[in-house]
Amino acid sequence: MASGDAQRAWFPELLDDLKSYWSNDITWEELAVFCRYMTEKRQKIKEARGIRLPRMTCRKCGGRMVLPPISIRSALFALRKAEVIDESEFRKLDREWAKHRKANGLDAYGNKPES
């Protein structure tokens, strides 16, 4: 296992999928669904490669550390890092996502929080 793979959110094959999926016409809802798919694919990659998270537990509840799902903002950062979008496009999309998220009461993953 390569150093850092346990915490890695974007494996090269996930970045390739993101690059081929990305379009300026994509809606936030479509990107949210894609991020859920990428989270599942990341888990399958980790299982296939025998990559496990470091054995860390919460001091309060004793639960094991879990890598969070891939968020929409994480996808935007990955697009910028992969040079699919430039810095100005990233900032524009990041602001638009923040406005959309706030206006629709969404969490970081594009879901309505459970009450």
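Let me begin with Arg91, which at 42% relative accessibility counts as partly exposed (that is, between under 20% for buried and over 50% for exposed, with a 1.4 Å probe and protein chains only). This is a predicted model, in which local features need pLDDT of at least 70 and side-chain atom pairs count only at pLDDT 80 or more, while totals for chains, interfaces and linings use all residues. Residues are numbered from 1 along each chain as its sequence is written, and side-chain values use heavy atoms, leaving out hydrogens and water.

Arg91 meets Glu87 in a salt bridge at 3.4 Å, N to O, the term meaning a side-chain nitrogen of Lys or Arg within 4 Å of a carboxyl oxygen of Asp or Glu. Both residues lie in helix H4, four residues apart, about one turn of the helix (helices being DSSP runs of H or I, at least four residues, numbered from the N terminus). Glu87, partly exposed at 35%, also pairs with Arg80 at 3.1 Å, so that Arg80, Glu87 and Arg91 are linked in a network.

By the same rule the count comes to six salt bridges. Another of them joins Arg73 to Asp94, with the closest N and O atoms 2.7 Å apart; because Arg73 lies in helix H3 and Asp94 in helix H4, the pair ties together parts 21 residues apart in sequence. Arg73 is partly exposed at 39%, whereas Asp94, at 17%, is buried.

Turning to helix H2, its buried residues are Trp28, Leu31, Ala32, Phe34, Cys35, Met38, Thr39, Arg42, Ile45 and Lys46. On the other side of H2, Lys44, Glu47 and Ala48 are exposed, and just after H2, Gly50 takes a positive phi of about 70 degrees.

Definitions and conventions
Helices (H or I, at least four residues) and strands (E, at least two) are DSSP runs, numbered from the N terminus.
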